[in-house]
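Take a look at the chain shown here. This report starts with one residue and then widens to the whole fold.

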Amino acid sequence: MSKIFGNKEYFALEYNLPYFNLGYDISSIIGILKLWVNGIDLCLFEKDNKNYGYEWTIYYIVEWLCEKQQYILGYDPFPLPVKGDNVLELIYNANTYNNDDKCEFDLWYFAKSRWIFNHCWFSSRDGGIIPSVYFRRNSKIIEISWDNIFWEEYGINFCSKKGVYYLPYFEFRKVIHEFLNSIITDLEGMVQTEKLANLKNKLLF
């Protein structure tokens, strides 16, 4: 049975762990995940005229959300001197940077890449098909941005290719808190591992 946290019309996380892998390694557990933003499941995509959602390993997404709380919920502004009203514009403008000084160029690239790694869950996909979504705090607002053009060359079309959405910080934090506590508890009932206990200890809530 699916569990949902939040309101699908605004922001919600929904998951299901239908495969009972008792005794398996935590990284092998397959789960179903839906990320609802403004009434749309951003994980929904079409390939070969068929619709799919995220149904793949779930642990690495949970781990990423736990590990990156300090950046998503904390104060971690975009590190480069470029202008933009949202994350997508900031990254686009940062990508236009060029400098003949290799050291300066590398420092710019490393700063941009490090920030993206801490704010975009794409790195947690473990080979699965997941939307490229960014999470950023701006004062008392959380910005959720996504850009899935990357997937088109693989014949994969997400239901929402690109967008930006804003919601209150405390609403976002509450949903993330409830989601992580619930899914970690459910995973603990399937596999006994210190990894999950360590993740719980990292929760900031």
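Leaving aside neighbours within four places in sequence, Gln70 is in contact with Tyr75 and Leu204. Keep in mind that this is a predicted model. Gln70 sits in helix H2, which covers residues 69-72. How far apart are Gln70 and Lys202 in sequence and in space? They are 132 residues apart along the sequence, and their C-alpha atoms are 9.9 Å apart. Gln70 has a relative accessible area of 49%, so it counts as partly exposed. The cut-off matters here, because exposed means over 50%.

**The whole chain**

Now step back. The protein chain has 6 helices and 11 strands. Its radius of gyration is 18 Å, close to the 17 Å that the globule rule gives for 205 residues, so the chain is as compact as a globular protein of that length. A box of roughly 55 × 45 × 35 Å, taken along the principal axes, holds the C-alpha atoms.

What share of the residues counts as buried? Of the 205 residues, the figure is 44%. The accessible surface of the chain comes to about 11,000 Å². Carbon and sulfur atoms make up 52% of that surface.

Contacts across the sequence can be counted too. Take the contacts with a separation of 6 or more: 61% of them join residues 24 or more positions apart. Charge is the next item. The chain carries 21 positive and 26 negative side chains. The centres of these two sets lie 3 Å apart.

Is Arg136 buried or exposed? Its relative accessible area is 11%, so Arg136 is buried. The residue belongs to strand S8, residues 133-138. Beyond its neighbours within four places in sequence, Arg136 is in contact with several residues, among them Ile72, Asp85, Trp115 and His119. Glu143 is also one of these contacts. The side chains of Arg136 and Glu143 are joined by a polar contact of 2.6 Å. Pro168 is 32 residues away from Arg136 along the chain, and their C-alpha atoms are separated by 12 Å.

Ser160 is in a loop, between strand S10 (157-158) and strand S11 (162-168). With a relative accessible area of 10%, Ser160 is buried. Which residues does Ser160 touch, leaving aside its neighbours within four places in sequence? They are Ile40, Leu42, Trp146 and Asn148. With Trp146 there is a side-chain polar contact of 2.8 Å.

**Two asparagines in loops**

Asn38 is not a glycine, yet it has a positive phi of about 55°. Asn49 is not a glycine either, and its phi is positive at about 65°. Asn38 lies in the loop between strand S3 (30-37) and strand S4 (40-41). Asn49 lies in the loop between strand S5 (45-47) and strand S6 (50-52).

**Accessibility side by side**

The table gathers the relative accessible areas of the residues discussed above.

| Residue | Relative accessible area | Class |
|---|---|---|
| Ser160 | 10% | buried |
| Arg136 | 11% | buried |
| Asn38 | 47% | partly exposed |
| Gln70 | 49% | partly exposed |
| Asn49 | 75% | exposed |

Methods: Residues are numbered from 1 along each chain as its sequence is written. This is a predicted model: local features need pLDDT of at least 70, side-chain atom pairs count only at pLDDT 80 or more; totals for chains, interfaces and linings use all residues. Side-chain values use heavy atoms; hydrogens and water are left out. Helices (H or I, at least four residues) and strands (E, at least two) are DSSP runs, numbered from the N terminus. The radius of gyration is taken over C-alpha atoms; the globule rule is 2.2 Å times the number of residues to the power 0.38. Buried means under 20% relative accessible area, exposed over 50%, partly exposed in between (1.4 Å probe, protein chains only). Contact means heavy atoms within 4.5 Å. Accessible areas come from the Shrake-Rupley method with a 1.4 Å probe; for residues, only the protein chains shown count as cover. Lys and Arg count as positive and Asp and Glu as negative; His and the chain ends are not counted. The place of a charge is taken as NZ of Lys, CZ of Arg, CG of Asp or CD of Glu. A polar contact is a pair of N or O atoms within 3.5 Å; within protein, one must be able to donate a hydrogen and the other to accept it, and residues adjacent in sequence count only if both atoms are side-chain atoms.
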